[in-house]
Every structure is written in C-alpha cells, then in structure tokens.
Amino acid sequence: MATPSRDILLLEKIHAEAEPAFQEAGIRIRREPGTLEEAALSDVLGDTPMIGIRSRTHMTAEVMANTPALETIGCFCIGT
C-alpha cells in the first residue's frame, strides 16, 4: 500500500512563518507565487492532499472534482 502524500501547495505568497509548523509535521511545501485559474490550479495541485490559499484563489466545484486527492483547504486570510 502506497504512503499518502504529505505535501501542501501554498499559493499567493503566504508568509514564510507558516512553514516551520508544516516542516515539523513532516509536510513538504510547494509554492506558487500568485493565484491560478481553474485549469492550471487543477494541474498544479495534482495529487497534493492539502492547499493553502488566500482570498484571490477560487476553489470551484470543477477544481474540487478534478483533484480527488484533495483533503484539506487552509485559508490564510485576514479574519479567518
């Protein structure tokens, strides 16, 4: 049985202070500096189980349908 991926994709320049907690938990961090449109987001996310976004990324029904490995969406926004 394959070990599940322990990766997170962080978008939109989420502050680097978020990284130590992920690293201590054994989570590998991938970054994209900005937001991505629907098709590109699905492609880049691939089989990554976690994503961290800010306010400009839209997790549409299509993105969710195209990324079945996605388990967690973290919102790094002011007020959340």
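Thr48 is buried, with a relative accessible area of 1%, where buried means under 20% relative accessible area, exposed over 50% and partly exposed in between, for a 1.4 Å probe and protein chains only. The model is predicted, so local features need pLDDT of at least 70 and side-chain atom pairs count only at pLDDT 80 or more, while totals for chains, interfaces and linings use all residues. Residues are numbered from 1 along each chain as its sequence is written, and side-chain values use heavy atoms, with hydrogens and water left out.

**Thr48 and its surroundings**

- Thr48 is found in the loop between helix 2 and strand 3; helices (H or I, at least four residues) and strands (E, at least two) are DSSP runs, numbered from the N terminus.
- The side chain of Thr48 makes a polar contact of 2.3 Å with the side chain of Arg30, and a polar atom of the Thr48 side chain lies 2.9 Å from the backbone oxygen of Leu45.
- A polar contact is a pair of N or O atoms within 3.5 Å; within protein, one must be able to donate a hydrogen and the other to accept it, and residues adjacent in sequence count only if both atoms are side-chain atoms.
- Leaving aside neighbours within four places in sequence, Thr48 is in contact (heavy atoms within 4.5 Å) with residues including Asp7, Arg30 and Leu70.

**Asp7 and strand 1**

- Asp7 lies in strand 1, which covers residues 7-10, and at 12% relative accessibility Asp7 counts as buried.
- The side chains of Asp7 and Arg28 are joined by a polar contact of 2.7 Å.
- From strand 1, Asp7 and Leu9 point one way, whereas Ile8 and Leu10 point the other way, and all are buried.
- In a regular strand the side chains alternate between the two faces of the sheet.

- An open sheet of four strands has the order 2-1-3-4, with parallel pairing, where two strands pair if DSSP finds at least two bridges between them.
- The edge strands are strand 2 (28-31) and strand 4 (72-75), each of which pairs on one side only.
- Four bridges join strand 1 to strand 2 in parallel; Leu9 has Arg30 as its bridge partner in strand 2, and Leu10 stands opposite Arg31 in strand 2.
- From strand 1 the chain crosses through helix 1 (residues 19-24) to strand 2, and this β-α-β crossover is right-handed, a term that applies if, with the strands pointing away from the viewer, the path from the first strand over the helix to the second runs clockwise.
- Strand 1 and strand 3 also pair in the parallel sense, over three bridges, and Ile8 stands opposite Met50 in strand 3.

- Helix 2 lies across strand 1, strand 2 and strand 3, running at about 135° to strand 3; axes are lines fitted to C-alpha atoms, for helices over the stretch in contact, and angles run from 0 to 180 degrees between N-to-C directions.
- The largest nonpolar core has nine residues, among them Leu9, Leu41, Leu45 and Ile51; a nonpolar core is a set of buried Ala, Val, Leu, Ile, Met, Phe, Trp, Tyr and Cys residues joined through side-chain atoms within 4.5 Å.
- Helix 2 (38-45) and strand 3 (50-53) are the elements that give two or more residues to this core.
- Apart from this core lies another, of seven residues, including Ile8, Leu10, Ile14 and Phe22.
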